[in-house]
Amino acid sequence: MEGDNGDNKVDGEIENGTSSGLTTDWSELTHECLINILSRLNLEHRWRGPMFVCKSWLGACKDPTLHTTFDLESLFDSSAELPRWWSPDFERKIDFMLLSAVGWSQGSLTVIRARHCSDRSLNSVAERCPNLQVLSIKSSPNVTDLSMLQIAFNCTKLQELDISYCYEISYESLVTVGRNCPNLKVLKRNLMNWLDPSQHTGIVPIEYLNACPQDGDSEAGAVGKFMPRLQHLELQFSKLSAKGLALICEGCLDLEFLDLHGCANLTSRAIVSATSNLKNLKEIKKPNFYIPRSSFNAERYGHWNLYDDRFQTNVFNI
């Protein structure tokens, strides 16, 4: 009987979370210990679990030291979720997360990598994140010049900017960012494949696709004139011409990487001529595209002769 009582006592201690006087009540961990543990988790894991354990864990999750970086990029790997990401409801969720991180960071946020946010959260970033160095907001249909101008004025330490597929951002934002962010080294301004829009049909709202900007040379002029320290530039499917590329190459002499994939208005000759003075250029991605006739409306484009890269003309100015 005594043996049984002893066994029962041990079983009870284990069941209650104690053994030999040691407690395993995780809510009693010190704030420093919690920060140490939480710092080993990525952003997704912190948001999905620890915040809901207890009040002390929630408090630890809000510690500014955990919010120098806001990186959701790894969550956008699933192509099955693409249509849902373009919904207003999803945008509100991203805005909520970013606004929370901005508040908790207390000005220490230096890196933001997100998608599908809006002016609402970006205005808060501009107001409260003066130390921001990296801003990546690809595919954000409701980010406009209004918030980007505020980012330019207030986040002058910016070194990397990715505004790919953000069609409500114009060359005016590029001008202001260039003027106010002298340390900008990386710019990614990729556009969707306008040569074959079927890639986006059913995923991206059609009204957004129809808003595709036509001002490639104005953007190129802004880059060339106001971003002289650029080392990495991506302009996939831009509609810039040889003139626009020349402006970039004349003003951005430090370029090491240049991505021109899908830039249908550029010829090989124009690219070679414009880039010949870029002594630091290590890699260039040329247009290198093939456009099957099936990609175009036969009635509208059937009379065109489509050439490969050796014989490109400016017939793609739509």
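Predicted model: local features only at pLDDT ≥ 70, side-chain atom pairs only at ≥ 80, totals over all residues.

Entry 1: Then I checked E160 and R113, whose side chains meet in a salt bridge at 3.3 Å, N to O. This pair links distant parts of the chain, with E160 in strand 6 and R113 in strand 4, 47 residues apart. Is E160 buried or exposed? E160 counts as buried because its relative accessibility is 15%, and the cut-off is under 20%. R113 has 24%, so it goes down as partly exposed.

**Entry 2: a network.** I also looked for salt bridges that share partners, and they join E73, R115 and K138 into one network. Within it, K138 and E73 meet through their side chains at 3.6 Å, N to O. For the whole structure my tally of salt bridges is seven.

**Entry 3: strand 5 itself.** K138 made me curious about its strand, which covers residues 134-138. How many of the residues of strand 5 are buried? Five of its five, so I wrote "mostly covered". In a regular strand the side chains alternate between the two faces of the sheet. Here V134, S136 and K138 point one way, and L135 and I137 point the other way.

**Entry 4: the neighbours of strand 5.** Strand 4 (residues 111-115) runs parallel to strand 5, and five bridges join the two. R115 stands opposite K138 there. To get from strand 4 to strand 5 the chain passes through helix 7 (residues 119-128), and this β-α-β crossover is right-handed. Next I looked at strand 6 (residues 160-162), which is also parallel to strand 5 and joined to it by three bridges. Which residue of strand 6 is the bridge partner of S136? I found D162. Strand 5, helix 8 (residues 145-154) and strand 6 make another β-α-β unit, and I noted it as right-handed.

**Entry 5: rings.** Searching the whole structure for aromatic pairs gave me five. The one I wrote up is F76 with F90, an edge-to-face pair with 6.2 Å between centres and 85° between the planes. F76 sits in the loop between strand 3 and helix 5, F90 in helix 6, so to speak 14 residues down the chain. Both F76 and F90 are buried. Ring pairs also bring in W85, linking F76, W85 and F90 into a cluster.

**Entry 6: a charge over a ring.** K239 lies over the face of W194, at 4.4 Å from the ring centre.

Notes
Residues numbered from 1 in each chain as written. Heavy atoms only, no water. Buried < 20%, exposed > 50% of the residue type's maximum accessible area, 1.4 Å probe, protein only. Helix = DSSP H or I, 4+ residues; strand = E, 2+ residues; numbered from the N terminus. Pairing = 2+ DSSP bridges. Right-handed = clockwise from strand over helix to strand, strands pointing away. Phe/Tyr/Trp six-rings, centres within 6.5 Å; stacked < 30°, edge-to-face > 60°. Lys NZ or Arg CZ within 6 Å of the ring centre and 35° of its normal. Salt bridge = Lys/Arg side-chain N within 4 Å of Asp/Glu carboxyl O.
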